[in-house]
Amino acid sequence: MKVGVLSDVHSNEIALEAVLADLPDVDALVCAGDVVGYNPWPAECVEAIRTRGVPTVMGNHDRAVATGTAFRFNAMAKAGVEHADERLSDDQRAWLAELPDERREFDDRLKIVHGHPEDPDHYTRPHEFGPDLLGEEDALIMGHTHVQHHEVYDEGVVLNPGSVGQPRDSDPRAAYAILDLDDLTVEERRVEYDIEAVQRAVEEAGLPSRIGSRLAEGR
(Lines give C-alpha, C1' and ligand atoms only; values in the text may rest on other atoms or scores of the structure.)
Protein backbone atom coordinates (compact mmCIF):
# COMPACT_ATOMS: atom_id res chain seq x y z
CA MET A 1 0.00 0.00 0.00
CA LYS A 2 1.38 3.38 -1.03
CA VAL A 3 0.35 6.40 1.05
CA GLY A 4 0.85 10.03 0.07
CA VAL A 5 1.86 12.02 3.14
CA LEU A 6 1.25 15.77 3.48
CA SER A 7 1.79 18.20 6.34
CA ASP A 8 1.81 21.90 7.12
CA VAL A 9 -0.09 23.13 4.08
CA HIS A 10 -0.50 26.47 5.86
CA SER A 11 -3.10 28.00 3.55
CA ASN A 12 -0.78 27.88 0.54
CA GLU A 13 -3.19 26.83 -2.19
CA ILE A 14 -0.66 27.24 -5.02
CA ALA A 15 1.84 24.92 -3.33
CA LEU A 16 -0.91 22.42 -2.49
CA GLU A 17 -2.13 22.36 -6.07
CA ALA A 18 1.43 21.74 -7.27
CA VAL A 19 1.83 18.84 -4.86
CA LEU A 20 -1.49 17.27 -5.81
CA ALA A 21 -0.59 17.58 -9.49
CA ASP A 22 2.80 15.97 -8.86
CA LEU A 23 1.39 13.17 -6.70
CA PRO A 24 1.87 9.73 -8.29
CA ASP A 25 -0.75 7.00 -8.03
CA VAL A 26 -1.26 6.19 -4.34
CA ASP A 27 -3.76 4.12 -2.44
CA ALA A 28 -4.45 6.82 0.17
CA LEU A 29 -3.51 10.31 1.27
CA VAL A 30 -3.00 11.51 4.87
CA CYS A 31 -2.15 14.87 6.46
CA ALA A 32 -0.22 15.59 9.66
CA GLY A 33 -1.94 18.89 10.41
CA ASP A 34 -1.72 22.65 10.08
CA VAL A 35 -3.90 22.96 7.03
CA VAL A 36 -4.33 26.66 7.83
CA GLY A 37 -2.12 29.51 9.01
CA TYR A 38 0.26 32.09 7.51
CA ASN A 39 -0.72 32.19 3.82
CA PRO A 40 -3.75 33.71 2.02
CA TRP A 41 -5.98 30.70 1.19
CA PRO A 42 -7.24 28.96 4.35
CA ALA A 43 -10.72 28.21 3.02
CA GLU A 44 -9.46 26.81 -0.26
CA CYS A 45 -6.94 24.53 1.47
CA VAL A 46 -9.43 23.27 4.05
CA GLU A 47 -11.86 22.51 1.24
CA ALA A 48 -9.24 20.68 -0.81
CA ILE A 49 -8.35 18.40 2.12
CA ARG A 50 -11.88 18.06 3.48
CA THR A 51 -13.61 17.20 0.21
CA ARG A 52 -11.01 14.53 -0.53
CA GLY A 53 -11.73 12.92 2.84
CA VAL A 54 -8.04 13.00 3.78
CA PRO A 55 -7.42 11.63 7.31
CA THR A 56 -5.97 14.67 9.08
CA VAL A 57 -4.82 15.54 12.59
CA MET A 58 -5.04 18.92 14.29
CA GLY A 59 -2.02 21.21 14.12
CA ASN A 60 -1.39 24.11 16.47
CA HIS A 61 -2.52 26.67 13.86
CA ASP A 62 -5.65 24.62 13.18
CA ARG A 63 -6.35 24.64 16.93
CA ALA A 64 -5.74 28.38 17.20
CA VAL A 65 -8.29 29.08 14.46
CA ALA A 66 -10.81 26.59 15.79
CA THR A 67 -10.62 27.98 19.33
CA GLY A 68 -10.21 31.64 18.38
CA THR A 69 -6.87 32.11 20.08
CA ALA A 70 -3.30 32.65 18.87
CA PHE A 71 -1.65 32.38 22.30
CA ARG A 72 2.16 32.78 22.18
CA PHE A 73 2.19 33.10 18.39
CA ASN A 74 4.52 35.59 16.73
CA ALA A 75 3.13 38.42 14.59
CA MET A 76 3.19 36.41 11.34
CA ALA A 77 1.46 33.41 12.85
CA LYS A 78 -1.10 35.59 14.64
CA ALA A 79 -1.91 37.43 11.40
CA GLY A 80 -2.43 34.11 9.61
CA VAL A 81 -4.82 32.92 12.30
CA GLU A 82 -6.81 36.15 12.15
CA HIS A 83 -6.94 35.96 8.34
CA ALA A 84 -8.18 32.36 8.48
CA ASP A 85 -10.79 33.28 11.06
CA GLU A 86 -12.17 35.89 8.65
CA ARG A 87 -12.14 33.58 5.62
CA LEU A 88 -13.43 30.23 6.88
CA SER A 89 -17.07 29.26 6.78
CA ASP A 90 -18.77 27.84 9.87
CA ASP A 91 -18.60 24.35 8.34
CA GLN A 92 -14.90 24.69 7.61
CA ARG A 93 -14.18 25.94 11.12
CA ALA A 94 -16.22 23.06 12.55
CA TRP A 95 -14.18 20.60 10.48
CA LEU A 96 -10.98 22.01 11.97
CA ALA A 97 -12.42 21.85 15.48
CA GLU A 98 -13.26 18.16 15.09
CA LEU A 99 -9.76 17.11 14.01
CA PRO A 100 -8.11 14.76 16.54
CA ASP A 101 -4.61 15.09 17.95
CA GLU A 102 -3.82 11.55 16.83
CA ARG A 103 -5.05 9.14 14.19
CA ARG A 104 -4.39 5.46 13.58
CA GLU A 105 -5.06 4.24 10.07
CA PHE A 106 -4.82 1.05 8.02
CA ASP A 107 -5.46 -1.43 10.84
CA ASP A 108 -3.29 0.64 13.20
CA ARG A 109 -0.23 0.19 10.99
CA LEU A 110 0.10 3.97 10.61
CA LYS A 111 0.01 6.53 13.41
CA ILE A 112 -0.30 10.25 12.61
CA VAL A 113 0.43 13.12 15.03
CA HIS A 114 1.41 16.72 14.49
CA GLY A 115 4.35 17.33 16.81
CA HIS A 116 5.21 14.29 18.97
CA PRO A 117 3.33 11.17 20.08
CA GLU A 118 3.18 12.50 23.65
CA ASP A 119 2.91 16.23 22.95
CA PRO A 120 1.20 17.60 19.81
CA ASP A 121 2.99 20.96 20.18
CA HIS A 122 6.54 19.60 20.59
CA TYR A 123 8.90 20.19 17.66
CA THR A 124 10.41 16.74 17.05
CA ARG A 125 13.49 17.62 15.04
CA PRO A 126 15.51 15.09 13.00
CA HIS A 127 18.12 14.57 15.71
CA GLU A 128 15.32 13.45 18.05
CA PHE A 129 14.11 10.71 15.72
CA GLY A 130 14.52 7.23 17.12
CA PRO A 131 12.81 3.85 17.41
CA ASP A 132 11.61 4.82 20.89
CA LEU A 133 9.03 7.09 19.22
CA LEU A 134 7.30 4.04 17.73
CA GLY A 135 4.66 2.00 19.48
CA GLU A 136 2.87 -0.94 17.90
CA GLU A 137 2.53 0.89 14.58
CA ASP A 138 4.74 0.20 11.56
CA ALA A 139 5.11 3.88 10.72
CA LEU A 140 4.83 7.15 12.63
CA ILE A 141 4.04 10.38 10.75
CA MET A 142 4.84 13.75 12.30
CA GLY A 143 4.84 17.34 11.02
CA HIS A 144 5.25 20.71 12.78
CA THR A 145 8.97 21.35 12.14
CA HIS A 146 8.56 21.94 8.38
CA VAL A 147 11.76 19.90 7.93
CA GLN A 148 11.62 16.89 5.61
CA HIS A 149 13.29 13.83 7.13
CA HIS A 150 12.77 10.12 7.71
CA GLU A 151 14.50 7.22 9.38
CA VAL A 152 13.97 3.47 8.96
CA TYR A 153 14.55 1.24 11.98
CA ASP A 154 14.00 -2.44 12.69
CA GLU A 155 10.92 -1.32 14.63
CA GLY A 156 9.47 0.72 11.74
CA VAL A 157 9.57 4.10 9.99
CA VAL A 158 9.56 7.60 11.49
CA LEU A 159 8.69 10.24 8.89
CA ASN A 160 8.21 13.96 8.62
CA PRO A 161 7.18 14.72 5.02
CA GLY A 162 8.18 18.37 5.34
CA SER A 163 5.90 21.31 4.69
CA VAL A 164 3.74 21.77 1.62
CA GLY A 165 3.18 25.46 2.20
CA GLN A 166 6.15 26.83 4.15
CA PRO A 167 9.33 24.69 4.06
CA ARG A 168 12.00 25.51 6.63
CA ASP A 169 14.83 23.23 5.55
CA SER A 170 16.49 25.70 3.15
CA ASP A 171 14.73 24.16 0.14
CA PRO A 172 11.87 26.42 -1.01
CA ARG A 173 10.13 23.71 -3.03
CA ALA A 174 6.91 22.26 -1.63
CA ALA A 175 7.59 19.04 0.27
CA TYR A 176 5.69 15.79 0.66
CA ALA A 177 6.44 12.08 0.79
CA ILE A 178 5.29 8.66 -0.38
CA LEU A 179 5.28 5.90 2.23
CA ASP A 180 5.12 2.28 1.12
CA LEU A 181 3.50 0.43 4.01
CA ASP A 182 4.25 -2.96 2.50
CA ASP A 183 8.04 -2.71 2.34
CA LEU A 184 8.36 0.23 4.78
CA THR A 185 10.23 2.54 2.44
CA VAL A 186 9.90 6.29 1.97
CA GLU A 187 10.31 8.50 -1.08
CA GLU A 188 10.85 12.13 -0.13
CA ARG A 189 9.56 14.41 -2.89
CA ARG A 190 9.84 18.14 -3.71
CA VAL A 191 8.02 20.16 -6.33
CA GLU A 192 8.47 23.68 -7.71
CA TYR A 193 5.57 26.14 -7.48
CA ASP A 194 4.96 29.80 -8.23
CA ILE A 195 6.34 31.44 -5.10
CA GLU A 196 6.11 34.92 -6.59
CA ALA A 197 2.35 34.50 -7.07
CA VAL A 198 2.03 33.61 -3.38
CA GLN A 199 4.12 36.63 -2.42
CA ARG A 200 1.84 38.90 -4.42
CA ALA A 201 -1.23 37.37 -2.78
CA VAL A 202 0.32 37.84 0.67
CA GLU A 203 0.72 41.57 -0.05
CA GLU A 204 -2.79 41.86 -1.50
CA ALA A 205 -4.26 40.17 1.57
CA GLY A 206 -2.51 42.64 3.86
CA LEU A 207 -0.51 39.89 5.56
CA PRO A 208 3.04 40.54 6.84
CA SER A 209 5.49 40.71 3.93
CA ARG A 210 7.89 38.34 5.67
CA ILE A 211 5.38 35.50 5.24
CA GLY A 212 6.00 35.76 1.50
CA SER A 213 9.69 36.61 1.44
CA ARG A 214 10.67 33.64 3.62
CA LEU A 215 9.08 31.24 1.12
CA ALA A 216 11.84 31.98 -1.39
CA GLU A 217 14.44 31.17 1.25
CA GLY A 218 12.87 27.94 2.45
CA ARG A 219 13.09 29.26 6.01
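Predicted model: local features only at pLDDT ≥ 70, side-chain atom pairs only at ≥ 80, totals over all residues.
Biologist: What makes β5 and β7 a pair of strands, and do they run parallel or antiparallel?

Modeller: Strand β5 (residues 139–141) and β7 are joined by three bridges and run parallel; a pair needs at least two bridges found by DSSP, so they count as paired. Strands here are DSSP runs of E with at least two residues, numbered from the N terminus. Residues are numbered from 1 along each chain, and side-chain values use heavy atoms, without hydrogens or water.

Biologist: How do you know that β6 pairs with β7?

Modeller: Five bridges join β6 (residues 149–153) to β7, in antiparallel direction. H150 stands opposite L159, and the two strands form a hairpin with two residues between them.

Biologist: Why is β7 called mostly covered?

Modeller: Five of the five residues in β7 (residues 156–160) are buried, that is, under 20% relative accessible area with a 1.4 Å probe and protein chains only.

Biologist: What makes R214 a charge over a ring?

Modeller: The charged end of R214 is 6.0 Å from the ring centre of Y38 and sits over that ring. The rule asks for NZ of Lys or CZ of Arg within 6 Å of the centre and within 35 degrees of the ring normal, so R214 qualifies.

Definitions and conventions: Buried < 20%, exposed > 50% of the residue type's maximum accessible area, 1.4 Å probe, protein only. Helix = DSSP H or I, 4+ residues; strand = E, 2+ residues; numbered from the N terminus.
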